[in-house]
Amino acid sequence: MALINFTGIEAGNWTVLAEDEQPTEGAKVAASVARITEENEGFFAAVGELGAVVSTETAYADLTPLLNKLSFVAIEFPAFTDGRGFSLAVRLRKDLGFKGEIRAVGPVMPDQAMHLMRSGFDTVDVADERKEAFEACAARFKQFYQSDYRGAVSIAHARHSSDESRKAS
């Protein structure tokens, strides 16, 4: 697997804990939301960095009480046709103000690279043979007709805010 980094964030290298596995002292680990919710303070004191592995069916509000404990969130896409992961990333960024890494995991396509970036994903795990295609798609466009979660200025807003365009029209 290759890791594509869209934002330049320092991407985490973590281990996904099995349900009965205990973390080693100071380890970077990821676990399911159900497990994180059930763990005690000893667990949180032992881990170095903690992330949640969530499905696209996860309600973003379920992550609210956990966000102060999480360094990253890995959203597992079950299929490239499932768009709920994009919405979940936007809700994490806009509604919950999550600043940690959000990673896409699963069968996403290179054509979705821009949507991943604009939805708030920092990184995506892809098959090695798709790495170049993802990088090319991620660099395809620099300006957009719609704003995104980051508040980027759309082409229309940029054009209409320019004094030159107002004089010309």
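**View A. Strand 6 next to strand 7.** In this predicted model, strand 6 (residues 101–105) and strand 7 (residues 123–126) run parallel and pair over 2 bridges. Pairing here means that DSSP finds at least two bridges between the strands. Strands (E, at least two residues) and helices (H or I, at least four) are DSSP runs, numbered from the N terminus. Look for Ala 104, which sits opposite Val 124 of strand 7. Residue numbers start from 1 along each chain as its sequence is written. Since the model is predicted, local features need pLDDT of at least 70 and side-chain atom pairs count only at pLDDT 80 or more, while totals for chains, interfaces and linings use all residues; side-chain values use heavy atoms, with hydrogens and water left out.

View B. Zooming out, the 7 strands make an open sheet in the order 1-7-6-5-4-3-2, with mixed pairing. At the edges are strand 1 (2–5) and strand 2 (15–16), each pairing on one side only.

**View C. Two helices lying across strands.** Helix 4 (residues 84–94) lies across strand 4 (49–55), strand 5 (72–76) and strand 6, at about 160 degrees to strand 5. Helix 6 (residues 131–138) lies across strand 1 and strand 7, at about 10 degrees to strand 1. Axes are lines fitted to C-alpha atoms, for helices over the stretch in contact (heavy atoms within 4.5 Å); the angles run from 0 to 180 degrees between N-to-C directions.

**View D. Arg 93 meets Asp 122.** These two side chains form a salt bridge at 2.5 Å, N to O. Arg 93 belongs to helix 4 and Asp 122 to the loop between helix 5 (113–119) and strand 7, so the pair ties together parts 29 residues apart in sequence. A salt bridge needs a side-chain nitrogen of Lys or Arg within 4 Å of a carboxyl oxygen of Asp or Glu; the structure holds 8 of them. Arg 93 is buried at 11% relative accessibility, and Asp 122 is buried too, at 5%. Buried means under 20% relative accessible area, exposed over 50%, and partly exposed in between (1.4 Å probe, protein chains only).

**View E. Arg 91 with Asp 95.** Here the salt bridge spans 2.4 Å, N to O. Arg 91 is partly exposed at 29%, as is Asp 95 at 40%.

**View F. A pair within helix 6.** Lys 131 and Glu 135 form a salt bridge, their closest N and O atoms 3.4 Å apart. Both residues lie in helix 6, 4 residues apart, or about one turn. Lys 131 is partly exposed at 33%, and so is Glu 135 at 39%.
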